[in-house]
Amino acid sequence: MQKGYIQIYTGDGKGKTTAALGLALRAAGAGLKVFIAQFIKNQLCSEHIALERFKDLITIKQYGTGFINGKPKSEDYEIILQGFKEVAEILKNGDFDLVILDEINLAVHLGIISEDELIKVLKEKASNVEVVLTGRGASQKLIEIADLVTEMKEIKHYYIKGVLARKGIEY
């Protein structure tokens, strides 16, 4: 790609990671190299198994201890910040066409990753790299520097009726 843009998928509705994974699949179908960094998460999900089929074009790596409920622990900071350091280099070197930073908005919202540091890294990225930031609570500053912002808004969710996460649909 000649120019890579910054996209944000945010909001309280379901589908942010799913949309980003769909874009990764589309990019791989076009022969583009994709790097997916999943912050906070640390769980093998169905998409990881499916993405193994595209391992020559899609790399996925998790930087987290699992879902954070409440205040992050020191271990969360250590793993997430190490991952952020790796991702900063990946964005700068331009070896991947598309870089997805899954749940990075939440990592910023929780104060694990500095908003100013993320903005600095985004400004220093190789010009050809497309970047997608996902997660609830995207800050106004991030929204302002992004080229495309989509908000997922929950209208109705079966979770309220007691339907738990289902393999192949939610994970």
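**Entry 1: Leucine 44**

I looked up leucine 44 and noted that it counts as exposed, because its relative accessibility is 64% and the cut-off for exposed is over 50%. The model I am reading is a predicted one. I placed leucine 44 in the loop between S2 and helix H2 (46–51). I then looked along the chain to tyrosine 171, which is 127 residues away from leucine 44 in sequence, and found their C-alpha atoms separated by 8.5 Å.

**Entry 2: Two residues with positive phi**

In the loop between S2 and H2 I also found isoleucine 40. Isoleucine 40 is not a glycine, yet its phi is positive, at about 75°. Its relative accessible area is 2%, so I recorded isoleucine 40 as buried.

I found a positive phi at glutamate 103 as well, of about 70°, and this residue is not a glycine either. Glutamate 103 belongs to the loop between S4 and H4. I recorded glutamate 103 as buried, with a relative accessible area of 15%, because the cut-off for buried is under 20%.

**Entry 3: The sheet**

I next asked in what order the strands of the open sheet stand. I read the order of the six strands as S3-S2-S4-S5-S1-S6, with parallel pairing. Why is one side of strand S3 (58–63) and of strand S6 (148–151) left without a neighbour in the sheet? Each of these two strands stands at an edge and has a single partner strand, so one side of each has no neighbour there. I noted an average twist of 15° from one strand to the next.

Valine 34 has isoleucine 58 in S3 as its bridge partner. I also noted that helix H3 lies across S2, S3, S4 and S5, and that H3 runs at about 160° to S2.

I asked how many of the five residues of S1 are buried. Five of the five are buried, so S1 is largely enclosed by the rest of the structure. Ile6, Ile8 and Thr10 point one way from the strand, while Gln7 and Tyr9 point the other way.

S1 pairs with S5 in the parallel sense over four bridges. The pairing of S1 with S6 is likewise parallel and has four bridges. I followed tyrosine 9 to both partners: it stands opposite threonine 134 in S5, and its bridge partner in S6 is threonine 150.

I then looked up threonine 134, which lies in strand S5. Its relative accessibility is 0%, so it counts as buried. Leaving out residues up to four places away in sequence, I found that threonine 134 touches Tyr9, Lys16, Thr17, Ala20, Leu101, Asp102, Glu103, Ile104 and Asn105. Glu103 in this list is the residue with the positive phi of about 70°.

**Entry 4: Isoleucine 60**

I turned to isoleucine 60, in strand S3. With a relative accessible area of 25%, isoleucine 60 is partly exposed. Apart from neighbours within four places in sequence, isoleucine 60 is in contact with Ile36, Gln38, His48 and Leu51. Between isoleucine 60 and tyrosine 9 I read 51 residues in sequence and 18 Å in space, C-alpha to C-alpha.

In soluble globular proteins, nonpolar side chains tend to be buried together.

Setting aside neighbours within four places in sequence, leucine 118 is in contact with Phe84, Leu101, Ile104, Val108, Ile113 and Leu142.

**Entry 5: Rings**

Lastly, I looked up the aromatic rings, and noted two aromatic pairs in the structure. Lysine 3 lies over the face of tyrosine 5, 4.8 Å from the ring centre. The charged end of lysine 33 sits over the ring of phenylalanine 96, at 4.8 Å from its centre.

Technical notes:
Residues are numbered from 1 along each chain as its sequence is written. This is a predicted model: local features need pLDDT of at least 70, side-chain atom pairs count only at pLDDT 80 or more; totals for chains, interfaces and linings use all residues. Side-chain values use heavy atoms; hydrogens and water are left out. Rings of Phe, Tyr and Trp (its six-membered ring) pair if their centres lie within 6.5 Å; planes under 30 degrees apart count as stacked, over 60 as edge-to-face and the rest as tilted. A charge sits over a ring if NZ of Lys or CZ of Arg is within 6 Å of the ring centre and within 35 degrees of the ring normal. Contact means heavy atoms within 4.5 Å. Two strands pair if DSSP finds at least two bridges between them. Axes are lines fitted to C-alpha atoms, for helices over the stretch in contact, and angles run from 0 to 180 degrees between N-to-C directions. Buried means under 20% relative accessible area, exposed over 50%, partly exposed in between (1.4 Å probe, protein chains only).
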